[in-house]
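Colleague: I have the model open next to the sequence. Can you talk me through how the helices pack and how the chains meet?

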2 protein chains.
Amino acid sequence: MIYDLIKNGILKKTFLLRAGLLVMILMPLVFHAQPVSEKGPRLILSAGIAGAIDRDTEGNRLLDRSFRYAERKADEALRHAIEVPVPADPGGGYTHEKHKKNYADMYNAALVFAITGKPAHAEFVKKMLLRYAEVYPGLPLHPARKENHPAGKLFWQGLNEAVWLFYTIQAYDLVKTEIGRKDRETIENELFRKMAHFISVESYETFNKIHNHGTWAVAAVGMTGYVLGDRDMTERAIKGSDKDGKTGFLKQLDELFSPDGYYSEGPYYQRYAILPFMVFAEAIEENQPALEIFEYRDRLLHKAVVTLLQLTNSNNEFYPINDAIKDKTYFSEELVFATNIAYERYEDQSLLPVIRQTGRVSLSNAGYATALAAAGSKGTSYERSSRLISDGPSGKQGGIALLRMPDASGTLLDALFKFASQGMGHGHFDRLGLLLYDGPQEVLGDYGAARFLNVEAKDGGRYLKENKTYAKQSIAHNTLIADETSHYGGKVKQGSGSAPELLFCDLGEDIHMVSAREGRAYKDIELSRTVAMLATPEAPEHPFVIDIFRARSDTPHQYDLNFQYSGQLMDTSFEYTRDSVLAPLGTANGYQHLFKTAYGKPGAGRAVFTWLRDKRFYSITTLTDSSTELFFTQAGAGDPDFNLRPEKGYLVRQRDKRDHVFVSIIEPHGNFDPQLETVQHPGSGVEMLEVTYRDDKYLAVTFRFRNQQAHTLVICRDKVTGTPEHRVTIGSKTIRWKGAYTITQ
Amino acid sequence: MIYDLIKNGILKKTFLLRAGLLVMILMPLVFHAQPVSEKGPRLILSAGIAGAIDRDTEGNRLLDRSFRYAERKADEALRHAIEVPVPADPGGGYTHEKHKKNYADMYNAALVFAITGKPAHAEFVKKMLLRYAEVYPGLPLHPARKENHPAGKLFWQGLNEAVWLFYTIQAYDLVKTEIGRKDRETIENELFRKMAHFISVESYETFNKIHNHGTWAVAAVGMTGYVLGDRDMTERAIKGSDKDGKTGFLKQLDELFSPDGYYSEGPYYQRYAILPFMVFAEAIEENQPALEIFEYRDRLLHKAVVTLLQLTNSNNEFYPINDAIKDKTYFSEELVFATNIAYERYEDQSLLPVIRQTGRVSLSNAGYATALAAAGSKGTSYERSSRLISDGPSGKQGGIALLRMPDASGTLLDALFKFASQGMGHGHFDRLGLLLYDGPQEVLGDYGAARFLNVEAKDGGRYLKENKTYAKQSIAHNTLIADETSHYGGKVKQGSGSAPELLFCDLGEDIHMVSAREGRAYKDIELSRTVAMLATPEAPEHPFVIDIFRARSDTPHQYDLNFQYSGQLMDTSFEYTRDSVLAPLGTANGYQHLFKTAYGKPGAGRAVFTWLRDKRFYSITTLTDSSTELFFTQAGAGDPDFNLRPEKGYLVRQRDKRDHVFVSIIEPHGNFDPQLETVQHPGSGVEMLEVTYRDDKYLAVTFRFRNQQAHTLVICRDKVTGTPEHRVTIGSKTIRWKGAYTITQ
């Protein structure tokens, strides 16, 4: 609260909110004909808070670390001559990296100036801006641009250009009062207006796209509008080029997020997009508070940040669904800004552990408020909980379920069930896919993207061709593949046409259970999957997963249920054979990239597959019939440049089936202690697993773990809303219940 | 010091040492005809110290944690009925694990009794011992014993029987005063004497073996002798069955360790053997101080512990040379006892960080002294330094060199150059092998043993057949293999006949350099390798390795220089081809277990091979000629049970060569930051690498890193002692120096 007074002088934020309508009417008067750039900072760090940061740095560890970091980077930059090279290289190349470094240097130097008032730092920014102002107007489109990809001038792609402006306009905002009028005019007219024009007018299509590239563009241009006092720019940024609200920032907020704050491209890109969303929102709130942007869509931006944080495993890594780099955690730069602004605006105490873990804040009004709050808080453990996250602008395009249960040691068994929409161009064909973690450890993994970001030797750090031929294909995921073809034929356009349907979801205390159906991934096949996480009353501290995957068609098909695991095979309940040479499993749709490493035909009953990873054992127990075939695989076939990681898979195949239900129990068990040299429970605990009832409407699975009772899970196989009454007779026993399922002894 | 007073009453340790000779003469009088078992504890925890631990537990975190652990384990054991099953199962099976658990339970219960005086804990031990005394005399050899492997009665192998006695006699030592005379006689006569007889007489061969199995046997029987007051037993333990010193504990100390304290089987087994060595020595010191066992062989036991600790990487894991399980750290149980006793006896402050890191102590006189000392000390970082460790009883059978240099961040570049002797039955055929770590991270690894310890599904947890067919073979190591056959034909007997010869070693400040020769690994080939770790003056914080490996013969051979790396291939300077199927690289000697994953023929010049592992890049730059062939490999061929981890290799092959020198630079470089999405120096820095001079006596390698001067390393290729003068003319420049090598600009 104290910093609001500093920032707004006599005006309190609460007053501004109440006075919203009035301000909106008066707004035209706010924009002067004279450049507003003569005034102090207008974006996310005010002069008052900059001074407060300077004062409070020593007493606050978060502020101190954050400021020292910017100072070190800035001082380092000031020691070198300014260089603005002629754009030549693609991503990862020298000029690309240099222009990226230049905006980071300017931003850090501007922060140091704003906080400490050191004139050399402002001078550095001014000089570099003047240099850019000299060069920029004469630049053609970048020589390394790609066909069918929006080009930039400083960079091979327009996206980087918008990011450059996003940071640089913030830097300018902080130092502009130190620059003489003539130089300001040069910088504003030759650089910022020309660049904003390039991004918003010459690159009209990207600017009006409902996509993260569009968000970077409107955020950069919109903030430039505030700093330059150019209302036309900000209006186009907020409402789209035609100012009709059909594109632009608000429309992006409407369409790219679900009501639960899920971003349609998935967490990896949500992590990237959250930065311009939150920072531009913060700039809007500072300049046009009447828009009440943080209240927009029932406080959508709050949900967006919380949902994003929840979409991480116990290792704080974003779940690598869709195109994603796997090491990315919520400590990334973008989240520093986003969590700070979310805390400042929503005062959500649950965010503070993340901020304390991160160990630094953004040097901004939000960062200052957050640092003060975090200093008075305790704990660095972020609480993750089970939840259902809807997808689609109206929340009707499927979603993602997070199922989480702690074991005896407090480690979460942590499943992600994906029945979300396609997620645009970066989406993978993984309908009804499953990811499973045992605490920080991947049990059933997603390959993520085939890409070595910014490693020039790996195709310039771009997405590799194997991203399309393998990583996006259904076989690279823990889902069902029919006839060795990917969902929707591996075509984004087809995949974007429909989304899976949630059948039911119950995140109760004893059992978390979600069921979803995908009817259009294949022309004449309906897929449905039910994922249950539970523990038996006899062993409440040993959660496991029951996985029921059904494929149904009027014509016979080959159904492959795939599990991607990492670790070393320990044991199987069945015989298998290995060939002396490794040949590819198939010829297309990703199958050409898998070596078949072994083959088994277990016969009717249960097939148990057990592996060891980092001191824990895991088993998949799957029901088999006389025709079931099992394949062990390893990625890396048809991969001339060693672009693929050699990950392992276990595939359950049923040929010539119309209606088939795959029933599996997936369980962590036991451990290996290399110091004590002890091994506990290296074998699966499942002693019985059977389908004990099945008709068109119901399915019952009975299972028993060692030294325990038998339990029966009965599910309704259709969409269930409310609590309808059911009655199923299994053998001599009649089971009655209300709702979607029941579990009985 | 204070605890010495408690333990020895009026006698001070220093006095005892000075009075050593006198005590030795009087010793016969010390052994009474009456059983000494009526007296208090005689082994490693005295009554006085037990009381002191009870008093000081609350004030000392190490004591507290250690005592609480034993108490929890003991209390848990006391809650269950005593069960002494009829021996039936092999390692990992129920009766095996139960008998192991029984000795651990008795030991913990006895400790709790000794420290707290709780009668129930002593009663538990007594009851279990009586039960064993009932069963033991009637036991035949174990039904699951193996041919050609010494059998036990409680366990499938005699080794476990000795370990059982080792712990159980300590437990009895602590509770015996609580047991009535009749029960004591039963326990001593029916159990301990019979078991000691089985171990020392019936298993005469093992008892008299110079091997860790022998050490466990003599330690167990020797301590039993002290507790039962049976001088014959202790004499046989210390001097061998014939009491002539040709076998037994002292002989083991003489023959199994080098003067530097290196144990011939390597660190993994040294870790195991150190426990009976140190604990029995402690018992000897308590009962026969005149033997001055801790002074023996110039304080050998001190060197043994320090050398063992130094044989760990930055992750505290023992280097996995020879048969070794890779996760084993110095936090293992055995090291708790060993480091405590070493600290108590030698007061070596450098051990305290290890003890603080371990976070617990043994509940013993040594543990008590150590806990008090550690509480007053600071730091948990154990200092590792470069060192030469000799092998062989007289230090003349080669050795191991540890080369360590910190980089800018303090991370150690850490190489192990192995030119040690065979190391008996657990030795690998890896003469002149190299291991390289970058801090905790493996750069060039050793496969370790093919074994999943105690995992019953993996051949009962024993060494797998692939241990012999792959893991022990030369191709599983970073060394040179001639004609696709292993060193010494893969035969232990042949390998045990000779050891490599150290040519020179210089662990200077700017460069660490070691050269060794192996003349008998192949009938008519002489191998020599020089490993240098250095940094250039221009980049003193970027250490790297120069590796010069020469093979020389009068007849032509195929020479394969193998590098086992882990990570993902990023880039090569040469073209390579991949087959569409993966076939084995060879047919025997481990080659049958490697898939050939790619093949290249780089032509004359330099071949650069670059990979990424966990955010760091690594390159091997190797000189090639027009006939050089390069193979990429992956383990796992001919492996029907998936017993092998799919590790990767890079192999440089020269065919039809008589005399060939492989020259390589191995360097860590750059990094990948997934949070900032930045990549630095993803390519090798080596811009030039050439052999600029070569004759029979000298070899000069000239190299240059990017933006640096060229440097030339000239080495003398023969054995160098002292500082002979050399003079080599390279081009127009004459280089003079003293010693084994020089490096010039």
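Modeller: Bear in mind that this is a predicted model.

Colleague: Left-handed or right-handed crossing for H8(B) and H14(B)?

Modeller: Left-handed.

Colleague: Which residues in H8(B) and H14(B) meet?

Modeller: From H8(B) there are B:Leu159, B:Val163, B:Phe166, B:Tyr167 and B:Gln170. They meet B:Tyr272, B:Leu275, B:Pro276 and B:Val279 in H14(B). By class, that contact has eight nonpolar residues, one polar and no charged.

Colleague: Next pair. How do the axes of H15 and H16 of chain B cross?

Modeller: Helix H15 (residues 296-310) and helix H16 (residues 333-346) of chain B have axes that cross at roughly 135° and come within 10 Å. H15(B) and H16(B) are therefore oblique to each other, and their crossing is left-handed.

Colleague: And which residues make the contact of H15(B) and H16(B)?

Modeller: H15(B) brings B:Arg299, B:Leu301, B:His302, B:Val305, B:Leu308 and B:Leu309. H16(B) answers with B:Leu335, B:Ala338, B:Thr339, B:Ala342 and B:Tyr346. The classes in this contact are eight nonpolar, two polar and one charged.

Colleague: Over to chain A. At what angle do the axes of H16 and H18 cross there?

Modeller: At roughly 75°, with the axes of H16 (residues 333-346) and H18 (residues 365-375) of chain A coming within 8 Å. That makes H16(A) roughly perpendicular to H18(A).

Colleague: Which residues of H16(A) and H18(A) meet?

Modeller: A:Asn340, A:Ile341, A:Tyr343 and A:Glu344 in H16(A) touch A:Asn365, A:Ala366, A:Gly367, A:Ala369, A:Thr370 and A:Ala373 in H18(A). Five of the residues in that contact are nonpolar, four are polar and one is charged.

Colleague: Now the two chains. How many residues of chain A are in contact with chain B?

Modeller: 50 residues of chain A, against 50 residues of chain B. The buried area between the chains is about 4,100 Å², and carbon and sulfur atoms give 56% of it.

Colleague: Which three residues supply more than any other three of the area chain A buries?

Modeller: A:Phe642, A:Gln675 and A:Glu677, which supply 18% of the area that chain A buries against chain B.

Colleague: What rotation superposes chain A on chain B?

Modeller: A rotation of 180°, with 0.0 Å of shift along its axis and an RMSD of 0.0 Å. The two copies are thus related as by a two-fold rotation axis. Both copies use the same surface, as 100% of the contact residues of chain A recur in chain B.

Colleague: Which residue of chain A comes closest to the rotation axis?

Modeller: A:Leu582, with its C-alpha at 2.4 Å.

Note on methods:
Residues numbered from 1 in each chain as written. Chains lettered and ligands numbered in written order. Predicted model: local features only at pLDDT ≥ 70, side-chain atom pairs only at ≥ 80, totals over all residues. Heavy atoms only, no water. Left-handed = near helix turned anticlockwise from the far one by under 90°. Helix = DSSP H or I, 4+ residues; strand = E, 2+ residues; numbered from the N terminus. Contact = heavy atoms within 4.5 Å. Nonpolar A, V, L, I, M, F, W, Y, C, P; charged D, E, K, R; others polar. Least-squares fit on C-alpha atoms with pLDDT ≥ 70 in both. Axes fitted to C-alpha atoms, helices over the stretch in contact; angles between N-to-C directions. Parallel < 35°, antiparallel > 145°, perpendicular 65-115°, else oblique. Buried area = accessible area lost by both parts, 1.4 Å probe.
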